[in-house]
Amino acid sequence: MAGHSKWKNIQNRKGAQDAKRGKLFQKMSKEIFVAAKNGGPDIDTNASLRLVIEKAKSVNVPNDVIKRAVDKASGTSADQNFEEVIYEGYGPGGTAILVYCLTDNRNRTGPNVKVAFNKNGGSLGESGSVNYLFERKGRLFIERTVSIDEDELVSIALEAGVEDIVSTTDGIELITQPTDFIFVKKALEEIGIDCIAANIEMIPAVYTELSVENMRLFDALIDVLEDDDDVQDIYHNASE
């Protein structure tokens, strides 16, 4: 089926995460804390918490780190408040970028994000300036090393609600509506298939090709943003 596979992006991102493991654990702990505080500590009744914990496990966050974050949400630190703030901007070469933050101080986060854009060939935009270029979708990635009958996988995936399948030499990418994401993931688990990554993300409708120089600037911008403690997720339409 037609589609733009982001398999290499997943591999690259996991490599970067391995190099910044401590900071990654800290960010995931914050996200787990917020999900548990907002919806309670029980993953059976808090779907958001369940998804965040699965996301944390996919990047090898230890169980004790996850447990501490959940316990913290119902303990003496539960009065700590974080809010989600979304920044929209343009990167080098006109790339569209969404920056999702969890912060307890907008006066710190906003200027930091603005400086990151300005110093690396980009600029912040107004709310809604690039968001319309993205659509919220579920994405699941299966490594080619997994032993599967691809015809069986396609049949099960489509029955569970997958709307697009991208097959490459590296792996298989499944795209779903957010409401179908859990059903697809469970259907895969029932036939013994684990995903290397499974998240609900913002997927761009179109991609932007970058020159070598603009790609260098773009990579520098993403590195600075990822290094910011308040930045949780970054979505963009740069073709890599």
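Q: Which strands make up the open sheet, and in what order?
A: The open sheet has four strands in the order S3-S1-S2-S8, with antiparallel pairing. Strands here are DSSP runs of E with at least two residues, helices are runs of H or I with at least four, and both are numbered from the N terminus. Two strands pair if DSSP finds at least two bridges between them. This is a predicted model, in which local features need pLDDT of at least 70, side-chain atom pairs count only at pLDDT 80 or more, and totals for chains, interfaces and linings use all residues. Residues are numbered from 1 along each chain as its sequence is written, and side-chain values use heavy atoms, with hydrogens and water left out.

Q: Which strands are at the edges?
A: S3 and S8 (231–236) are the edge strands, each pairing on one side only.

Q: How many bridges join S1 and S2?
A: Eight bridges join S1 (residues 83–90) to S2 (residues 96–103) in the antiparallel sense. Among the residues involved, Val 85 has Cys 101 in S2 as its bridge partner.

Q: What about the turn of that hairpin?
A: Five residues lie between S1 and S2, and Gly 93 in the turn has a positive phi of about 70°.

Q: And how does S1 pair with S3?
A: S1 and S3 (residues 123–124) pair in the antiparallel sense over two bridges; Tyr 90 has Ser 123 in S3 as its bridge partner.

Q: Changing topic, where does H2 lie?
A: Helix H2 (residues 21–39) lies across S2 and S8, running at about 100° to S8. Axes are lines fitted to C-alpha atoms, for helices over the stretch in contact, and angles run from 0 to 180 degrees between N-to-C directions.

Q: What follows H2?
A: Gly 40 follows H2, and its phi is positive, near 95°.

Q: Which elements give two or more residues to the largest nonpolar core?
A: The core has 20 residues, and these elements are H2, H3 (47–58) and H4 (63–73). H2 gives the most, with eight residues. A nonpolar core is a set of buried (under 20% relative accessible area, 1.4 Å probe, protein chains only) Ala, Val, Leu, Ile, Met, Phe, Trp, Tyr and Cys residues joined through side-chain atoms within 4.5 Å.

Q: What does Ile 32 touch?
A: Not counting residues up to four places away in sequence, Ile 32 touches Leu 49, Val 52, Ala 56, Ile 66, Ala 69 and Val 70, where contact means heavy atoms within 4.5 Å.

Conventions
Buried < 20%, exposed > 50% of the residue type's maximum accessible area, 1.4 Å probe, protein only.
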